[in-house]
Amino acid sequence: MSATRKLDIPKIRQRDEAAKKPYFRSQDDATSQLIDDWQTVAVQKLGEEIRSNRALRVFLDSCVKCGACTDKCHYFLGDGDPLNMPVARQDLIRGVYRRYHTLAGRLFPKLVGAREFTEPLLQDWSAYYYQCSECRRCAVFCPFGIDTAEITMAGRSILDAVGVKQNYIHTVLDNVERVGNNLGMIGPAIADTLAGLEEDVFDETGVNVRFPLDDAGADVLLLVPSADFFAEPHVDGLIGCAKIFHQQGIRWTLSTTASEAANFALFVGDEEKMQTIADRVSAAVRELGVKQVVVGECGHAWRVASSYWPGLIGDGTSTDAGGFDTRHICEFTHELFRKGALRLDQTVHSDKVITFHDSCNVARGSRMGKQPRDIYRMPRELLRAACENFVDMAPDTICEYTFCCGGGGGLLTDELMDVRVSGASPRVNALEAVIANHGVTHMAAICAICKSQFRSVLPHYGLGMDMIVSLHQIVGDAVVLNRQM
Amino acid sequence: MVIEFKGRVYQTDAEGFLVNPDEWSEELAEKMAADDDCELGADHWVAINILRDYYAQYAIAPPIRILIRHMGKQLGREKANSPYLYELFPFGPAKQACRYAGLPKPTGCI
């Protein structure tokens, strides 16, 4: 294997009798909670979607079936299922759109690929819109820039409207609504966890690194995915952030009410809920009086913050008129690095060779810094600053061409494990190549979903679950701590 | 899904977690473990009781780090580590220990 070897394109296989589906709300079968007049409601909802989202209509109209996307989806590359080709996934909606919302489709359905919206077709929607992680890799290769993620989001919002609600995403959304974060961790539980982290870091380093919660008057609000309070290696990334703030003498805080960076409403295209979840952040900014919001290692949180917050809770680029400055944690740390303020000791990582997995929502859904490719450059420069041995994976699998981890977009649920394992195979192939050729020992990521996904699936490929690390864990472990503080 | 045990029917979700945590009993935990060919020893029970106490206080399962810390306090340092936890519960603390303890499965980006 060489680091630049071509990706293997699988043979198209026969479709399964029953495609793998997630659990839907308290039912085993996708259609069992289907509302009676589902077809009418679905067609009407699709009409609303194409009227409110002009891009969606353009995407549905403009495909010329050129085939450029067919071998670009990690789920197709993983399992060879023809409906996992992005064009086929789009056509599940496109046929219905033509049949009910175009003149040609109403008059001459057979000539234009229009399809009746039947129950078997709805079954395919409920399977294949949940075998798409909305990662947008296919859109990079489409000559028209058709974004399957937008189509999947529309598909899911229509499924929601007819009563086919995916259990995992809606459990998480309920937790956010009820408690304020994806896990459903109440304030005292967060406080207890942070106190434990302070003890752990003190035991390990002898330095009193603080993890402040609801500290009104702090300069920086760190907004992390709640997994950073809970899971490994996420929590090590949070520890790394705390060490950096400590070294720099920055007054920072976490918030019990804005204790979640993630916004799963994006995954199901629910704009109302997206607004509610984002509102928590602006409320916390006002209450705590912070000047800056730093978004931690959560892929789609950064997509929402950099691409949607300006519309949802104001332009995050200015600090006047009650606005606040918004940064990704990598931008924040990189600025310290660039100024020469960050003191790192590379020797702690001399036994490691690190590679970087660009998280899809960051790499293709947002930006960092002022220059076009800063979003790829900054995380890599930070890793190189902390560890002298850094190697990139094959060029067609990183940066804008990065492969999704296989668990994004609301697929990080155990019943989809087969889909997640096969969907991870393009990334794992690229990882195996740099392990074989360069002795890579760890892969860093900046997304909670990526980290949990790789921890679950790497063992299926005979790789250790500890290979996956947080970027700020690597940087944080190299931080030289000031003992006097 | 349901568990039928001693003439009673217990509702569970699709992954076997009790729908109503109040229905939990030690006997039921042993029955769930027995169905997985797992016999609950003293250390299993230490973990299960930590989970239940934490849940009673915080309405969520503890982070693994905290579970391990509490296990260390009760069982000694040599058992305060993740490999030992996985030795007790090979399917993982969330999927297996929480289920036996009658807690809902922690869900999020984890």
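Helices (H or I, at least four residues) and strands (E, at least two) are DSSP runs, numbered from the N terminus. This is a predicted model, where local features need pLDDT of at least 70, side-chain atom pairs count only at pLDDT 80 or more, and totals for chains, interfaces and linings use all residues. Residues are numbered from 1 along each chain as its sequence is written, with chains lettered from A and ligands numbered from 1 in the order in which they are written.

**Exercise 1.** Find which pattern of helices and strands chain B follows along the sequence.

*Solution.* Begin by counting: chain B has five helices and two strands. Then read along the sequence, which gives β-β-α-α-α-α-α.

**Exercise 2.** Work out how strands β1 and β2 of chain B pair.

*Solution.* Two strands pair if DSSP finds at least two bridges between them. In chain B, β1 (residues 2–5) and β2 (residues 8–11) are antiparallel, with four bridges. Next, look across the pair: Phe5(B) is opposite Arg8(B) of β2(B). Finally, inspect the turn: β1(B) and β2(B) make a hairpin with two residues between them, and Lys6(B) in that turn has a positive phi of about 50 degrees.

**Exercise 3.** Describe the side of chain B that touches chain A.

*Solution.* Contact requires C-beta atoms, placed from the backbone, within 7 Å. By this test, 15 residues of chain B are in contact with 28 residues of chain A. Helix α3 (residues 64–75) of chain B supplies the largest share of chain B's side, four residues.

Key
Contact = placed C-beta atoms within 7 Å.
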